[in-house]
Every structure is written in C-alpha cells, then in structure tokens.
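User: I'm new to this one. Can you walk me through it?
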Amino acid sequence: MWTKDDLQKLVQRQTSEFRLIIVSNRQPYIHDLVDGEPQYVVPSGGLTAALDPLMQACGGTWIAYGGGKGDKYIVDRDSRVMVPPDNPSYSLRLVWLTEEEEQGYYYGFSNEALWPLCHNAYTEPIFDLRDWQTYQAVNRKFADLVLDEVGDSPAIVLTQDYHLALLPQYLRQSSAPIITGQFWHIPWPHSEIFRICPWQAELMEGLLGNNLLGFHIGDHCSNFMDAASRTLPVRVDTEYNRIDYQGETTLVRPFPISIDFEDICHLSESVEVEEEMERIKEEWGFSDQLIGLGIDRVDYTKGIPHRFRAIGRFFEKYPEYMGKVVFVQAGVLSRSDIEAYQLLGGQIDRLVGEINSRFGYGDWQPIVYKPDDLPSVTLMALRRLSRFCIVSSLHDGMNLVAKEYVASRFDDDGVLILSPFAGAALELTQSLIVNPYATEEMADAIRDAVTMPSEERRRRMAHMRGIVRENNIYKWAARLLVELMQCARETNFRRSLYASATASRQISEAEHVLMLFDYDGTLSPIATRPDLAALPGETRDYLQALNSKAAYSLGIVSGRSLDDVSAMVDVPGLIYAGNHGLEIQWEKEEFIHPEALALQPVIDSILRDLDDRLSGYEGVLVEGKALTLTVHYRLTPESLLTQVHAGFDAALSDYAGSGRVRITRGKEVLEVRPNISWDKGRAIDKIASQFADSTLSVFFGDDVTDEDGFAAIRELGGISVFVGGAREPTRALYRVDSPAEVAETLRLLTEL
Ligand code: GDG
C-alpha cells in the first residue's frame, strides 16, 4: 500500500533533478477577508482533496488563480506564500485576474462551454467568441508565470483540468526544459459531441502540447484519441495509447484518482466526530430513523433531482418507510453566477418542497436539504450516521464523494448506491450500481439498502474498503510521476544539447569547462571490431581546437586500455582515462588504481580461460586490457550465441560469486573488471577535483558504464549528455543523436 512516505522517497529517488510545479485554476488555500483580517479556507472540490496531500509530500510550487479577497495581503512581492498555513511545506504562487478575465475564462469558456461539452448531462454548451479569446489570454498569463517560475532549471509541470487546456502548448513553444503532464479531471466526450466545439482544433493542439495526458478511465482516453484523430492530422497508436503530432508524442493514460484513505479513516474515528454525531441526532431530531445521505457540489451533472425523484418514488412505493427513513442532502453551491446553476437551484428547491409536503408529517420530513457547505466534521459525522449514501451522477470523471464514504466507514457498515456513469463505478463494484435516470430501479435500490442484512453490508463495504485503501491518492500520484519520468526518458526532452537554452547558457557563461567523452559510440561510431572504430578526422580537429582554448580542458574516459584509447584519439594534451578510469594520465597526474593492480593476476587468469573456450567461435574477440578485459561478439552469428553465453558462464562461474570481479554486459560486449568501488563516475570526480569549484563539468557517453559518469556529473551540477536514441533509458539530462552530432556540438563550441 502506498503511503505519503513512499511517495516522498519516490520523488527524491526519481524526480530530484526536476522541480515539481502544479498549475490549476483553483488554489488549495484561499484567503478571504473576515472582519478585515485575511483568513484561509480550504475549498471543497475533488481537485484540492486529491492534490494537496501530494504537494505536502513532494514540496514544489503550486500556481493558481488568486481569487480570494485576502490573497493580496498574504503574498510576497513575487505573489508567493508558503502553505499549508499551519504546516508550510510547499509554495503557492498566484496569478491575478481582472473581473472581466474571471468572467470570460472561468464562468464563460470553462464552465459554460467546456464543462457541459464534456459531461453528457444535456445542458447545451455556450460558445461565445469573447469568452474564448479571454480563455486564450488567461491561459497565456498562466504560461508566463509558469515560465518565470521554471527559469532555467528542468521542471515537471503538471497542469490540472479543463481551465488550462491551452497552457501545455504555450509552454512547449518556449524552449524551457519542461516535461508537461496534464490531468483532466472530468470526462472526455465522444468525438460526435466534441466536434460541435468551434475551437476543437485549437483545444486539441493545446492538449497535445503535453508529454503525458491523464484521464480517470480508459473510456475517456479512447474518446480523446478518437477525437484527436478526427480533428488533426495526428498518428494515433491505440496499442500504446500514444498520439504523434508534428514530431512530438503525447502519451494518453488512465489514472483513476483517489483520496487519502488512511487520513479520512482515522479522522472519522475521532472523538470530535463522535460528539458531532450526538449533536446532529439531538439537534436535527433524528431518533431511530435510518439515514440516507447525499453530499455534492450542487451541479447539474450530479443528478440531484434524479435522486430526489427516486426518494419520492421510494416513499410512494414503500409507504411503510415513511417516518422511518430520512434523506439528508448536504451541498455546497457553486458557479451560482451561471444561469444553468440558478435553474438547477430552483428545480431542487421545488422538488424538495413537493416531496416534503406530499410525504412529510408531524416533525418528520423525508428530505433534509442543507446547501450550506457544512464543516468537514459534520460531513464525517453524517457519513458515519447514515445507512446508505447515494451518488447519482449523470456523468462524472471519478467522484470522490463515493470513495470518501467508503473510507470513513471503518465499521464496515453502510451501503453505497452508485451511478454507473461515475468513473468510481469501475472500482467500487460492490456498491449498488443503478442508472439515475431509472427512477423505479433507484427507488428499489434504496429499499434494498435499508433492508440489506448486516452481514451483506459488511461484506460489500469491506471489499470496497480494500480497493480504496490499495488504490489511494499516493498510488495515483506515484503512478503519474513514474509515467512522467518515463516520458522524460522517452520524449525528445533531451532532443539536443544545443537546442537547450539552459545548457548553452551554462557553457557560454562558465569560466572554465571540463569536457569529458567516452570513446566508442560517443566520439567514434561503433564498429564491427574495436580496431576499426576510428575517430572521424574532423572530430579530432575539433577536439584539438577546443582543447587549445584557455577556457576548456578536454578528456577521454573510456573502457579501452589507456594506451589503446590514447592511440586511437591521438590528440596530445588531453586527459586520458582508460579501463573505466582505473588508469588516468595527463599533465597533472599519473594514476593506476592500486587495488586493480593487485587483482591483475585474477583478470589474467579469466582472460586465459575465456580465450581457451571462446576464441574458436566465429566473430568472438577476447581482448585483454591488463587491468580489465572485454569480449566482443557483435559479429557472432545468432545461432552460436547460446554456446558463447554458456562459455561466459563456464569461464566466470568460479569468479562470479567470489566478489573479486565485476561483470557488465553492454552493447554485445561482456566486460570483466576488478570488483572495486571505482567506475567512470569516480574517475570523473577525481579529475574534476583538480579543477576549481567554478569549473563546469560536462560528460558525453552512450553505454551502461557511462551511467555512473552521468550520476557523478549530476552531483557536480554539470551537464550530462547521452549519445543515442530518444527511447533508451538514461540518467543523463541531455541527449544528442549520434557521434556525428557530438562532432557538430564540438564544432559549434569551437566557433563560440
Ligand atoms: C472533479 C470531477 C473528480 C462536496 N459537497 C460538499 C463538499 N464536497 C466535497 C467532497 C469531495 C469534493 O467536494 C467533490 O469531489 P467530486 O469528485 O465528487 O466532484 P467535483 O468537484 O466535480 O470534481 C470529479 C474530481 O474532480 C477529482 O478528480 O472525481 O469527477 O468532476 O471531496 O467531499 N465539501 C464540503 N461541503 C459540501 O457540501 N465541505
């Protein structure tokens, strides 16, 4: 089970070289003015509930619209404040919008166009040109602040939701070192519906600015890919869920969002909640009645009228429950400036009035409606008091209310009635899943919930709790981050060293640059035999030219022996490190690792054994390099490979477990080195230590053994460059395609 702690460790291990920036419309802590004093409130809504725990675990910056009246009073000159206020752990930076901007971007395009467009709730979207233009302008405003926050350092920017569909494209248009991910919290409509939007192509282009785009469930991913293929000239790969457009790739993945299960479970057991339960029973006059519960943002997608109709039908069909069952609907009013929401408010009030006056008697009313944004302790108490909870969404990305209900029932009691049109229905299969439009079936589901034997209630609830406990918010965040890191490796984020403004600036501004290269596959193309891997003539010239500049010191760190590599490169005055850095030679030092020297007889004996066993095989070359050895088998026919590998195993069996040698399998080569804590990374550290701290270290490499070098360079705050395909995993921060591009980089630097 994922915990906050696990997530924190994952972030440190995998993403430490990137800053994490979340961008959303709404801030997680809004500051209002109470009696002239700024006071914060945590807004209700799924987004905050899900992402605040992630930011608390990871640190970083959250960029959002400063919509609170007190916001301006609590931020610093950069519009920044540390949050949560009680336990500051990450930074919140605010974007300021005028009233017109808020109107056009938030109420207008986001909530009168996109929200109804994405939800099958039969509310017609309003497409207003001015709203659209404001939406574009505000997305740019957000992008500017994000770019300011990113500066030159590599960042993961995780954008939230439908308010910011154009932002990723704006970020990509800059050359900032950003990996872009976006989570779309609401459904993505079928392409037949999406195409009614007059700006479908622009929206699609905006979202394809993401390296990774997440939805809650697979259906929304499929809808999106289908819509993309009908809107733009994209290539869609449905097997790997990826879209290629204008040379860039967007991965489309389902990430079912969740909640902090343990936290909610723990809170619901508290004494405060127990006391609140007593207070509610007494003050609201609930004696022995069975309580049904609804908790929603009052929105036309949540199916609140549909649920009330079913409650009316329940009492009509099963009058014996009159006076014995009461339904509490808690709600928080939202977007009340929008006409569709005002109409909904009126419709709900009328329905509650009708049902209560038709069935209610004495002190008993079938529906208690509290659209008052109740405090969370009250909501928690209501969850615990209730026999059943209804989530009757007409269409819902996930629906966290359902998961919160499950998490708070530590007693394994309670029945969840759930719409199949909420993403949550795919996980909470032990709920009573009912179509909210089917009033008759909903009424029967309510009857089933109130009559369900305790044993069955517990069995179902225990099952659902197991699922939500396992699929908690930390797992969601971890999966998203892991996938984003995969994107960092798979996309052309490391497209080219010289396309990166950061790297170019770092190099051109450095007082001194220590630039080290692996040889095979980095400076020279891989050849069929090691002696054929010659250095291209122009590369030699560039190395020489650059090394003669006072601001540069160049060197080679290779797996070849020192004598071999210095003969192949043949540029005097360079730093040469051979045998993976076990021997180093240049004007400032001559070094042979003493332990390696002591283990030389062991390497010699393995060499003889490998030679005896393998030198007869076609295409096998056993190369002794004194301190290490390499077997090359790039030219060995496929049919002999099994025997060659068996030869390795036999020759190495006595040594593999001895702890004296280290065996690495690289690009169709097998290398045997003394097992001492020394590698290319340590050699690079040793060389770099001879230079001033202000020296910028750069290392180009292509093979597994170069990864140690990349790690060392990262520690030194330098520039690590992987030479090779975009899809190969590496720790390097930058990438160039081939030895030819390394030569081109050298040429450009000589001309600086
Ligand atoms: C979007 C997607 C997706 C509700 N009423 C009150 C109240 N709430 C809290 C709930 C819950 C949150 O608001 C609602 O979350 P939902 O997931 O149900 O829905 P949306 O706000 O529409 O969120 C949705 C979500 O994003 C996350 O991705 O699941 O599909 O539409 O936490 O407890 N809180 C208070 N008073 C209320 O009356 N205090």
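User: How much accessible surface does the protein chain have, and what share belongs to carbon and sulfur atoms?
Analyst: The accessible surface is about 30300 Å². Carbon and sulfur atoms account for 47% of that. Keep in mind that this is a predicted model.

User: Okay. What does the C-alpha trace span along its principal axes?
Analyst: About 100 × 55 × 50 Å.

User: And how many helices and strands are there?
Analyst: The protein chain has 27 helices and 30 strands.

User: What percentage of the residues count as buried?
Analyst: 58% of the 752 residues do.

User: What about contacts between residues at least 6 apart in sequence: how many join residues at least 24 apart?
Analyst: 70% of those contacts do.

User: Charges next. How many are positive and how many negative, and how far apart are their mean positions?
Analyst: There are 72 positive and 111 negative charges. Their mean positions are 3 Å apart.

User: Let's switch to the ligand. How many residues surround it, and which are the closest?
Analyst: The ligand is surrounded by 24 residues. The closest are His185, Arg297, Asp396, Leu400 and Glu404.

User: Which backbone atoms come up?
Analyst: Val332 has a backbone N or O atom 3.3 Å from a ligand oxygen. Asp296 has a polar backbone atom 3.4 Å from a ligand nitrogen.

User: So how much of the ligand's accessible area does the protein cover?
Analyst: 92% of the 740 Å² that the ligand has on its own.

User: New topic: Ser334. Where does it lie?
Analyst: Ser334 is in the loop between strand 14 and helix 13 (339–359).

User: Is Ser334 buried or exposed, and why?
Analyst: Ser334 counts as buried because its relative accessibility is 12%, and buried means under 20%.

User: Which residues does Ser334 touch, leaving out those up to four places away in sequence?
Analyst: Arg297, Val298 and Tyr341.

User: Arg297 again! What joins its side chain to that of Ser334?
Analyst: A polar contact of 3.0 Å. Arg297 also belongs to the closest residues around the ligand.

Key
Residues numbered from 1 in each chain as written. Predicted model: local features only at pLDDT ≥ 70, side-chain atom pairs only at ≥ 80, totals over all residues. Heavy atoms only, no water. Helix = DSSP H or I, 4+ residues; strand = E, 2+ residues; numbered from the N terminus. Buried < 20%, exposed > 50% of the residue type's maximum accessible area, 1.4 Å probe, protein only. Contact = heavy atoms within 4.5 Å. Areas by Shrake-Rupley, 256 points an atom, 1.4 Å probe, with all protein chains shown as cover. Lys, Arg positive; Asp, Glu negative; His and termini not counted. Charge placed at Lys NZ, Arg CZ, Asp CG, Glu CD. Near = heavy atom within 4 Å. Polar contact = N/O pair within 3.5 Å; in protein donor to acceptor, adjacent residues only side chain to side chain.
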